[in-house]
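Here's a quick briefing to read alongside the model. Have a look at the fold, then go through the points below.

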Amino acid sequence: MGNKVKEESITPCKETLQFEPLPVECKTPATVVLLLSCPEEDILVKACEAIHTFAEKGDENKVSLLGLRALEPLCQLITHNNKLIRRNAFMALGIMATNGDVKRALKKIDVIPSIIDKLSLEDIVVHEFATLCLASLSVDFVCKVKIFENKGLPPLIQLLSSPDPDVKKNSLEIIFNLVQDYQSRLDLHELGGIPPLLELLNSDFPVIQLLALKTLQNVTTDTDTCNTFREERGFEKLLDILNNMDFRDLHAEALQVVANCLGDSKSLQLIHKGGGLTRLMELVLTPNLPEMQSNAAKCIARVAQSSENRKLLHEQNVEKVLVELLSVADISVKTATCQALSVMSLHLASKDSFRDLDGIPAVVQLLNNESLELKEVATRALSNLTHSNQLNAFAVYEAGGDKILVQQLYGSCCRTVANSAATLGNMAGQEVIRCSILSHGAIQAVVKPLQSTDTQVLINTTQCLTVLACDTEAKAELLSAGGLHPLVNLLRSYHKEVLHHACLAISVCASDVNTAVEMCQFGALEMLQDINLSVNRRSRFSQLAMTSLLNFNLSAKYSLTSHLASTDIISDGFYDAGKAREGQRIQTLEELSKQPVNEHQQIIVVNTATEKNKKDDKQKNKTQPESPTEKAWKMMDDVSLQLLVNEAQKSILPLSDEREQCAALARLVSEAMGGAVEMEKLHEFSWVLHLSELKFQLQSNVVPIGLISRGIYRHRALLFKCLADCIGMSCTLERGEYSRAWNEVLLFNGNPSMNERSSQPCRYIVDLMHQPGSLLTANTPAAVQYQTI
């Protein structure tokens, strides 16, 4: 027969039927098929028997019978009143149904109700071949539905107690296929299917035991079924199987059922009270049984998925068991143990237990193993162990884990890279560890992961970078390693979490002027502008990144926002290229200086570098030789600005009153830029020609501010801000329309020497153009006129 149990030499308990040889043996199969329509019952009995014998010889014969249209008459004959005809028809149909082509053809014939109807007959042969036929059909979803809808489950459950092992095996196989669906699982429990399933665990045939375990594995995912399973002492029966080394092939499935039984905390508590957990722990530590230990560790990992279960497992000192398993030589045991350890590490007390038991150095050592899977689970365990636990992070560091984890960032397994980055990020919060991580080349190592297409790698790497890049040297290293470009490119991501963490990393890196400028060159500002204009993509993280970039790239900030706060201190290299158009990339000063002279608005640059500083720069350049084909670009000297800074420090700083300082600085700026100009005669002030001549003389669109001797609002306001910042005075820089710009200052009214100051300062605009030194109260007509007319 084609039945697997029969192939294992099970003796059938069936009555033996003997027939005379079919008188048409010499005829072809086609003739036998034709005889299925014969009205004579003796002929039908022998025709069905002949077809069964013919089909039993192989798939080729089954397909041949299919082509001869044997299916339809056989499907009719299984309902015949004659017991022998019905029995032989079932035998022929059951054998034929094991062929794929026949099975597909049977799906088109509504034969399932007829088959189920005959399961109630007291005929073991019919039971065997009817269930064999249904077993073949039940792998198909549509057929499963038909079996269920035609109430096939109750008789199949009854047949689990059949004296014939083939019937048991076939019925069990059908039930296994049915309980893949939720409703069938519930019905199996309600129809009392758990006790006979448990009884089959005692079968003499491993194939039946295995199918019973697989079926139990599906149905025990339901809480009520689990309760019944426990009440029927199913857990004890599983432990008996696990304790029996003759059933070693069944241990994996048995442990998966155990995991289901222990899945909810109530069941775990009850089983624990009965000593079940203690027995399970003993099994885990059974020596020289790596397969058992591996499966048991997987079981613990599954049980530990809930926080309540982790708490109970911790109370049973499961951490000690897992740490002991880490010393087992078998790779599969180490891998499964790391998985369990990783899940248990989500429990706060377990994190400390693993450290106290010296489990962390043992996990760190696993990172040197050649197994990629083991490396992955080991890094995941370390990630969970070090999450929000500085003592564990230090334990990983003491075990030399930081160096190995940095090396893992170059790996090919995305999960390992992601886990390693997460662990390094958890550890880098401590300065001594961060310095060690950086010394092992972590910044260079994160560049490649920043270009990954894996979401979790990007999230964890940017998180790690945010912690690592908090000092100037790390930012400089990231710049030189080429890491800023891929970081900025992450702003194109539409994955919310990737975008958020990329923005955080950018905001940290932007605290250095050089990295801020570099990121702006890669279009960071323009992308952040687009993000912050998007309802779906903008967030407090993107706004923070934008603010950080602008705070450390004041040229870009002034160009985009037309405003510098009193806390924005202008330094050498600041330039005003005018108001940037929306979506326009902010060009660097070097790029602007290399453009041919044009008729557009000049770029005003600030450079207060002293002669000493220039000598220092030359000395630095000696250690960094220039390329023979390209000279390093440098800003133009501005001796006039240096003199103005010296004058401001000499004549204005000694003044004690803020108003006097403000007025004196305004007069100094006005004198440097061509003096006071009456508003009515402003059109006569030839500043445009002067600046055009400067651009022509310098052969550059970039003009040092100190060289401007005839400047108007825009130039004077920038010079005032520059000098004020140099001597520690507080003021803003605001841009208006049509070359208008002004400075705002906050001053207290009253005489400070007489303690007559007002409680709140007032905001003033400094007149640098018409009555230099005058202070115009903000928002008054005079102030508005200065700003707009």
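Ser-739 is partly exposed, with a relative accessible area of 23%; partly exposed sits between buried (under 20% relative accessible area) and exposed (over 50%), using a 1.4 Å probe and protein chains only. You'll find Ser-739 in the loop between strand E5 (733-735) and strand E6 (741-742), and its phi is near 65°, a positive value in a residue other than glycine.

This is a predicted model, where local features need pLDDT of at least 70, side-chain atom pairs count only at pLDDT 80 or more, and totals for chains, interfaces and linings use all residues. Residues are numbered from 1 along each chain as its sequence is written, and side-chain values use heavy atoms, leaving out hydrogens and water.

**Another positive phi**
- Asn-317, also not a glycine, has a positive phi, near 60°.
- Asn-317 lies in the loop between helix H22 (307-315) and helix H23 (318-325).

**Overall build**
- The protein has 47 helices and 9 strands, which are DSSP runs numbered from the N terminus (helices H or I, at least four residues; strands E, at least two).
- Its C-alpha trace spans about 130 × 60 × 60 Å along the principal axes.
- Buried residues make up 53% of the 789 residues.

**Nonpolar cores**
- The largest nonpolar core holds 192 residues; such a core is a set of buried Ala, Val, Leu, Ile, Met, Phe, Trp, Tyr and Cys residues joined through side-chain atoms within 4.5 Å.
- Helix H9 (residues 124-137) gives the most to this core, with 9 residues.
- Apart from it lies another core, of 52 residues, including Leu-554 and Leu-768.
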